[in-house]
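Please open the model in your viewer and keep the selection tool at hand, as this tour moves from one place to the next.

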Amino acid sequence: MITFRKAGLAALAGVLGISQQAAAAPQVGNALSREHTLAVAGAQIPAFLKLAQEVLSALSAIKDPQLQMLTQPATRKMMLGTDPLTDDGLRQIGIDPAGEVAMVFDKRLGAFGHDPIVLLPIADRAKLLGFIEQRGGQKAKVESKGAVEWITFGQSDRFLIGRRGPFTALLKYGTYRQEPDVERAFEAFVKGSGSSLGASNDWQKALTSDAAAVFGYATMGALLHKPRHEQRRAFYGQRFPAFAGQIGPSLEAMRLVATPEGRALLAKLVQDRPTHLSRRVPAKGWGALRGSVNLGSLFDGVATFLGPDMPMTAAQMKAQMLQRSCIDWSMIEAAFDGHAIVAADVADLAKSGSHQIPTDKVQWFAALGIKDAKATDTLLQSVAKGCAANGMPKAKVRTVGQATAYTTDPVTYARAGEVLLVSTNPSSISLANKMSSGKSLEGSAAGRLLDSPVAAASALDLMPAIEVAQAKAPRPLPKPALDELARYGMVLTRLVLDGDGARWSVEPPDALMRQIRAFVGAAALAGTMMRGGQQQAY
C-alpha cells in the first residue's frame, strides 16, 4: 500500500526534473530587500504545473489504486475541493496561475527563529478565504492594523497578511501571545525600503531563469546566522556572498557566487584542464567521478578557505603530513598533475549495498594522473619502504597484469602508463590497465565530459543498479517501464569555474527529469527488496 512518504518521494523526484530557456531571474526578487533577505525558495507556477503533469502522466502507468488517487484529476478535485495542478483549479481558489510562489527568511524576524514569510500571487482573496473556510469549517475573522491585517481561523490559526508588490505576504502568528517585535518586522517587510534583492548582481548572477519550476537562493548569513558566527560570516561573505539553485526546462544548475577574492581562492583549490582519464573506465555499467585540484597551491587554498578556524599555515600542514606519513608534499607535486578519477562497477555497488557480495569484491579503482614518471617511481619506492611514524609496514611487491604493483593491506597501487592505479581489489587494477586499449568511455558523450576542461565531472550508469534490484523485487517493474528507463542513458554532471564563481550543472541541460525517473525506479525497487514480500505500490 502506498504511503504519503512514497507519494512525496515521487512528487519530489518529479520536481527535480524540468527545464526551459533561460531568461531573467525570478521576479520575486524585486519584492525582497537586498539588505535583509537571508534565503528564499520558490517556484514559477506555469513551469511547476507542467512538471506536475509530466510526473503524473508517468506515474499513471503504475497500476496501484491508491496511486491513481493522485494521478486522476477528478479524484484530486473530489478529495481537495479543487484540482490545484491545473490553471482552472488555481483560479477557482483565487490564485493567479501565471505567478510565482515563495518562502522567505528575513533577518528582521530573527533569522530562522520564526516561520518563513510566504508570498502568494493571490488574484481574488475572497475566493481563497471562502475555499479555506469551506474546507476547514472555520469562519475567517479579519482585523486591520495599518498596512498589516490579522486573519484568524477559529482559535488555533492566526496569520499576519499584507501586500508586497504583486504578492500577498503571509506569516503564521501566535494565537495566545502578542509579539510586537514580529509585528513591526512584518510591517517593515510589507512596506519595503532600500534596494531590492532582484536588482543586485548576486541575485542576477545566481539565478538566470524566470521559468524554473523550483529555485532557491541563500546568502552566507543564512548558513552562519548565529551571533557567534559573526567573524566567519564576514570572512566567507566577502568571498562567497550567495549560492543558489534552479531546476527548470533547459536549466538544471547550482551556482556559488564569488567575488574576485573568492574566485582567486577557488583557483588555488581546483583547476579547469582537460584529461584523458576516461580511457581507463569501462564503457558500460560503471560510474565515475573525476576531479582536478591545483597541487601547487592546494595547501595555501585550504588554509585560506578555512579562514578564521584554520589553526595552521600551509607550511605547518605540509610539515605535519611529512611527520605522519613520511611523504614530502614536494614529491607529490613533482609526480602528479592533480587530475584524478574514481570509478566503480554500479552493479557491484548495488549488490554490496544489499549484502549480496562482500565489499572487497566490488570492482573499483582510482586513477591519478602522472606528470613525471620518474618522480612517480621515486615516490612509490619511498612509500613501499613503509613509515615507522604511522606504523605502515613495507609494501609487498607483486605483478598485476603487466604492471609492477605494491600492496600495503588492503590497498594495492601500480603505475600504468600515464596514471597511478589504486584499489583494494587487485583485479580492478588489471582491468583498468587493460582498458586503455579496450572498450572504454573515451570518445563517448560521458567520456568527453569527464575529459573536458572542468574542475569536476561525473558519469553514472543507473541501469545496472535498477537491474540488480529488479532481480530481487517481489513485484518487478514491467518490461516497458524498464525499456523506458534504459533509454535515458547516463547521469552526467559537471562543475566549472567562471567569471561569476562556480557552477554545477546536469548535462545535457534537459536530462534531469529522465535521470530522476530512473533514480526513483531504482529507489522504489530497492525499497521493495528491503521489505520483502509485503504489498508494494510499485
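At roughly what angle do the axes of helix H12 and helix H13 cross? In this predicted model, select residues 298-305 for H12 and residues 314-325 for H13, and you will find axes that come within 8 Å and cross at roughly 120°. The crossing in which H12 passes H13 is right-handed. To see the contact itself, show the side chains of Phe-299, Asp-300, Val-302 and Ala-303 in H12, which meet Ala-314, Met-317, Lys-318 and Met-321 in H13. The residues of this contact divide into six nonpolar, no polar and two charged.

Next, select helix H16, residues 373-384, whose end C-alpha atoms are 16 Å apart, which agrees with the 16 Å that its twelve residues should span at 1.5 Å a residue. At the N-terminal end, Asp-372 caps H16, with a side-chain oxygen 3.0 Å from the backbone nitrogen of Lys-374. After H16 comes Gly-386, which has a positive phi, near 85°. Now colour the buried residues of H16, namely Ala-375, Thr-376, Leu-379, Leu-380, Val-383 and Ala-384, and look at what surrounds them: the elements they pack against include helix H14 (329-335) and strand S12 (336-345).

Finally, go to Ser-278, in the loop between helix H11 (260-269) and strand S11 (286-292). Is Ser-278 buried or exposed? Ser-278 counts as buried because its relative accessibility is 0%. Its side chain is joined to that of Asp-451 by a polar contact of 2.5 Å, and, leaving aside neighbours within four places in sequence, Ser-278 is in contact with residues including Ser-440, Leu-441 and Glu-442.

Key:
Residues are numbered from 1 along each chain as its sequence is written. This is a predicted model: local features need pLDDT of at least 70, side-chain atom pairs count only at pLDDT 80 or more; totals for chains, interfaces and linings use all residues. Side-chain values use heavy atoms; hydrogens and water are left out. Axes are lines fitted to C-alpha atoms, for helices over the stretch in contact, and angles run from 0 to 180 degrees between N-to-C directions. Helices (H or I, at least four residues) and strands (E, at least two) are DSSP runs, numbered from the N terminus. A crossing is left-handed if the near helix is turned anticlockwise from the far one by less than a right angle, and right-handed if clockwise. Contact means heavy atoms within 4.5 Å. Ala, Val, Leu, Ile, Met, Phe, Trp, Tyr, Cys and Pro count as nonpolar, Asp, Glu, Lys and Arg as charged, and the others, Gly among them, as polar. The expected span of a helix is 1.5 Å times one less than its number of residues. Buried means under 20% relative accessible area, exposed over 50%, partly exposed in between (1.4 Å probe, protein chains only). A polar contact is a pair of N or O atoms within 3.5 Å; within protein, one must be able to donate a hydrogen and the other to accept it, and residues adjacent in sequence count only if both atoms are side-chain atoms.
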